[in-house]
Amino acid sequence: MNIGLEAFLGLSAVLFALGLYGALSKRSAVMVLMSLELMAVAVGLNLVAFSRFVTPEAMTGQAFAIFAMVVSAAEIGLALAIVIAIYRHARSVELSALERLKG
Amino acid sequence: MGESVNTLAFLVMALAAIGGAVGMLTSRNIMYAAFWLLWTMLSVGGLYLLLSAEFLALIQVMVYAGAVSVLMLFVIMLTLRRREDAVRSLDFSPSAALLAAVFLGIMYYGISNATFPEVALLAEAPNTADLGVVLFTMEGGWLLPFEISALVLLAAMVAAVWWTKGQDRR
């Protein structure tokens, strides 16, 4: 069996689908954020696999993976700060406690 | 560097990553879910090593497995009033599962029909020093995006501190 680019793309698609399911189905804000991180990790794996198999010399994929990591680190820091702020306000991190946001 | 990566190592780490993700989604205790996510992050770091991206593997372990997981665990512990609150229902949702399955089917169709450019692999894999040249020199072309990403992190840090400090403590 030859492990090439397709195997890595398939693995990251599976991880992304699992993260997508979690982000859509979980009712705790922290669980949703954890699923989002899973999706970000799947994207990073995709980029690094492309870097290894398509642009090994220029390392474009690795540079992109670093920037994707920066963005997802900033995102998770901000999102968890918002979760803390919501908890102060509503004394709960359940998404059902935020139904007022529907307007 | 061979034509492809080690099959056994790939299978072990891929199964570990998927198992960690499934464990995260199926554990009732939210603390266990956070530790399963940490396990998945470590497995993906191993896959980066397999792809000869050793710098990214270290960053993955430091940022995701280190910083992000600790942040997650602290937020979970800060937002639980009682120990029993950590145990939750599984929140199974058929429509979300259907959507994820449709996504997976589309991805499978796309990957199996795509043709990727055949690139001759290098005799020696680019190492961390080459990545540094790409990121930090004008010739590499990524210097300006790198500085902008530093600004993004600074802005995110300031905003996170601002939001968590609370109103009454000035």
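Where is the place of B:Thr40? Some notes on that and the rest follow.

1. Ground rules. This is a predicted model, where local features need pLDDT of at least 70, side-chain atom pairs count only at pLDDT 80 or more, and totals for chains, interfaces and linings use all residues. Residues are numbered from 1 along each chain as its sequence is written, chains are lettered from A and ligands numbered from 1 in the order in which they are written, and side-chain values use heavy atoms, with hydrogens and water left out.

2. B:Thr40 sits in helix α2 of chain B (helices are DSSP runs of H or I with at least four residues, numbered from the N terminus). B:Thr40 is buried at a relative accessible area of 1%; buried means under 20%, exposed over 50% and partly exposed in between, with a 1.4 Å probe and protein chains only. Beyond residues up to four places away in sequence, B:Thr40 touches A:Leu15, A:Leu38, B:Ala17, B:Gly20 and B:Ala21 (contact means heavy atoms within 4.5 Å). Neighbours within four places aside, B:Ser43 is in contact with B:Met13, B:Ala16 and B:Ala17.

3. The core. The largest nonpolar core has 71 residues; such a core is a set of buried Ala, Val, Leu, Ile, Met, Phe, Trp, Tyr and Cys residues joined through side-chain atoms within 4.5 Å. Two or more residues come from each of α1 (5-25), α2 (29-53) and α3 (60-90) of chain A, and from each of α1 (7-26), α2 (30-50), α3 (54-78), α4 (94-113) and α5 (128-136) of chain B. The most, 12 residues, come from α2(A). A:Phe8 is among the residues with the most contacts inside the core. Leaving out neighbours within four places in sequence, the contacts of A:Phe8 include A:Leu45, A:Phe53, B:Phe10 and B:Leu47.

4. Domains. Chain B is split into domain 1 (1-87) and domain 2 (127-170), with bounds from an automatic or database domain assignment. Their C-alpha centres lie 23 Å apart.

5. Salt bridges. The whole structure has 3 of them over all chains (a side-chain nitrogen of Lys or Arg within 4 Å of a carboxyl oxygen of Asp or Glu). B:Asp91 pairs with A:Arg27 at 3.0 Å, N to O. B:Asp91 is in the loop between α3 and α4 of chain B and A:Arg27 in the loop between α1 and α2 of chain A, so this pair joins two chains. B:Asp91 is buried at 5%, whereas A:Arg27 is partly exposed at 47%. A:Glu94 meets B:Arg88 at 2.6 Å. B:Arg88 also pairs with B:Asp91, at 3.5 Å, and A:Arg27, A:Glu94, B:Arg88 and B:Asp91 are linked in a network. B:Arg88 is buried at 14%, while A:Glu94 is partly exposed at 26%.

6. A nonpolar patch. B:Leu151, B:Leu154, B:Met157, B:Val158 and B:Val161 form a surface patch with about 500 Å² of accessible area together. Patch members have over 30% relative accessible area and no salt bridge, with like charges joined within 9 Å and nonpolar side chains (Val, Leu, Ile, Met, Phe, Trp, Tyr) within 5 Å; areas come from the Shrake-Rupley method with a 1.4 Å probe, and for residues only the protein chains shown count as cover. B:Leu151 lies in helix α6 (residues 143-164) of chain B and is exposed at 57%.
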